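Me: I'd like to learn how to read helix packing and chain contacts. Could you walk me through it?

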Amino acid sequence: MRIVALTAPDDFDGWRDAARALVAARVPAGEVVWQVGDVPADLFGDEAVDLPPDAPAFAVSRRFVDLARSVVMHADPERFALLHAMLLRLIEQPGRIEDMADPLRRRLEDIAKAVRRDIHKMRAFLRFREASDEQGERFVAWFEPEHHIVRHNARFFVDRFNAMRWSILTPELSLHWDGDTLREGPGASRADAPEGDPTEAVWKTYYASIFNPARLKVGAMLKEMPRKYWKNMPETALVGELIAGARAREVAMIDTVKPATGGNSEAAWAALREEAMGCTRCPLHRPATQTVFGEGPVDAALMFVGEQPGDQEDLAGRPFVGPAGQVFDAALAEAGIDRAGVYVTNAVKHFKFEQRGKRRIHAKPGVGEIDACRWWVEQERLLVRPRLTVALGATAARSLTGRTVTIGKERGRPIALADGTQGWITVHPSFLLRITDAAQAEDERARFVEDLRNAHALLQD
Amino acid sequence: MAQLDTRQKLEILADAAKYDASCSSSGTTKRKSAGGKGIGSTEGMGICHAYAPDGRCISLLKILLTNSCIFDCHYCINRKSSNVRRARFTAQEVVQLTLAFYKRNYIEGLFLSSGIIRSSNYTMEQIVEVARSLREDHDFRGYIHLKTIPDADPELVHQAGLYADRVSINVELPTTGGLKRLAPEKSETRIEGAMAGMKSAIIDTADARTRYRSAPRFAPAGQSTQMIVGADAATDGDIVTRASSLYGRFGLRRVYYSAFSPIPDASAVLPLQRPPLMREHRLYQSDWLMRFYGYQPREVVAAADPSTGMLPLDIDPKLAWALRFREHFPLDINRAPREMLLRVPGLGVKAVNAILRARRWRRLGLDDVARLTVSVAKVRPFIVAEGWRPVALADKLDLKPLVAPRREQLELFAA
């Protein structure tokens, strides 16, 4: 065994000089014990390394030197030996520095990466506290890095805080800058640093205010700011209460702005309708004549959602004016509902059809088209805020609930919608038009009217 | 109204600024404070000094000069008709706050924006005064990002660019119809005109600097913009196309997306609408595909659902593209060109570069690829490597369940 003594844990020059000699003498990596300072690393290592005075020069790539500089700063006691092993290999095959898939190369890369991260996090998470004295402003920071990176980072802090007097205290080493020269001192303890700084309260105010409680993503925060750094960062004391209070703040955020949009919904609806006129969210806008938007009072308590405009609606630009619309109007009247008092719209706002000769035959909208158009229905519901929304037929039910619904199973009773208001599902009036048997048609019509009446009754409670 | 102290103002004006997504301090020239009488340095790569529980980086002191505004944009919490508490900083208060935070290593610099008060020019003058004082009175060499106002005097906007590292103007909404509906006082023509003016100023000064070293710098970190996602009828396809046209026409460094949370004028029983965060995330991913992976905008659009124009929420756009264009796979990891390797789901730019370097020396097997990527399971069905050919996987008609993340994981990210 040979022993190499390095002067400091980040003694790159010492490692390089020794490694040069060891490689020249072809000493295998396993036969060297690397020792930092006076601390014996291995009790059995007893032979001081014998460095040949005129070792033959050899060249290694810049990439390796850069890698080694980073690796040496790591806390892993094996780092010197790993670099030595890598160097021996590179003498034989210089190109292998490029082979990141090689296990040793990969391991060194991971070590270097951990060091680079620690360097970066020190620059990011170190916090100065004011400790002014008779000479004026002065700042002191206490930081606990994971690796031996403090000396390396000195330049960064000198460049950044040049006109400031400061000290950085760490367990291993301290740095002192007086505005002119940098001085190194021995390791320190937390007690040597100031206990607080009045500006920290202002900073915490900023931290709490810039946080958006509607976007809580604790995992993303922890990934970049692991808990091990928290103890020296004043703002992290707030994290717990910010997370706990996020929901309440979200509610308050919305409450604060709530009354402001009031009285504006007529104008907002008109603007929404105008925007919808140019909609190209799905291909149906091409063959259709125009967008058929919903209509009715924007403060209606009851909203009806149909399937899509038909041939006549497409030409008129208004919902429910064709044959199905007449059935609908008659049923509304029989159920005692005033059409002028309700908001009527469609799940899909363009007419989908197949051209057969001169006639345009209704075609059922697909799920993609329903989902594309759903955005408009949601905007209408946000503006009108009906207490009850009635879906006429399967397409409307899909639009309202986001899932495929069997009408027969779910019709005729209130259902809870995602926004907390009530929904109601029944058949589409065009279904009644397609029944050929007169008695059955009358039965179904009566059932439809009954559904409408019961839905309407929900609003009277 | 009682007089507010700095801390109370900060509470209001930081709260009002948090809807701006950008907090980047990157992309500027390297500067040091050595030889000056002040503090501050920039590294080119930004530093995030803290992270809030929303997972966002805190790099800059991001505040408004005032949250009073003469405009009434519907999506904005600071609009004229909103009843939020109002506050206003003086220019000197912002300067002192920036320096106090910077000296304690809390921030990289300042991101200053403002509501419009009195007039566009008056507001712009105040913003420029903050930057001027930091740079000239205090020799501050940290990062400054200024939001400029499209209607302000071009001379003022130019001054902003001379002091700032980055300037930005928000396009606000991806469609003209949306802007007209939600921000009736703003105009797409004026916004884009201002961005075009900024672009030529950036190019002109960069050009002058190649000839005269003493020529002044103008916004060395370039310009960026932000658009709100989910407030108008734009599909993901529309947004991706719009963003790429903005990158192209105005030389933007970044287009930021901000998921819109509708703030309904509603009774308290109406539950809150969460911002569409996953959609925002997918749009950022598609942005990366175009900026770093060589995808054309139309290719990203092709990854979207053809009938809705929306990108899938359950898988990322790169995986969606690969599943839609299966004929390109599997790719031989030992032979495929760089631009095709970049299309393999699960291989990032770094992994691709490492593969290209390593395969100059030997043929790579699956275990080699595993050491270069985060998850070899995701990559495996799409590649051929030494001793590996994904016959069974590639022939499966429905590959998606094998490679898509599980539902539970998705919920975790969406929260």
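**Two helices in chain B**

Reply: Helix α7 (residues 236-250) of chain B packs against helix α8 (residues 277-292) of chain B at an angle of about 40°, their axes 11 Å apart. Helices here are DSSP runs (H or I, at least four residues; strands are E, at least two), numbered from the N terminus. Axes are lines fitted to C-alpha atoms, for helices over the stretch in contact, with angles from 0 to 180 degrees between N-to-C directions. This is a predicted model: local features need pLDDT of at least 70, side-chain atom pairs count only at pLDDT 80 or more, and totals for chains, interfaces and linings use all residues. Residues are numbered from 1 along each chain as its sequence is written, while chains are lettered from A and ligands numbered from 1 in the order written.

Me: Why are α7(B) and α8(B) called oblique to each other?

Reply: Under 35 degrees counts as roughly parallel, over 145 as roughly antiparallel, 65 to 115 as roughly perpendicular and the rest as oblique. At about 40°, α7(B) and α8(B) are therefore oblique.

Me: Which residues of α7(B) and α8(B) meet?

Reply: Contact means C-beta atoms, placed from the backbone, within 7 Å. From α7(B), B:Asp236, B:Ile239, B:Val240, B:Ala243 and B:Ser244 meet B:Leu283, B:Ser286, B:Asp287 and B:Met290 of α8(B).

Me: And how many residues does each chain bring to the contact between chains A and B?

Reply: Chain B brings 72 residues and chain A brings 71. On chain B's side, α1(B) gives the most, with 6 residues.

Terms used: Contact = placed C-beta atoms within 7 Å.
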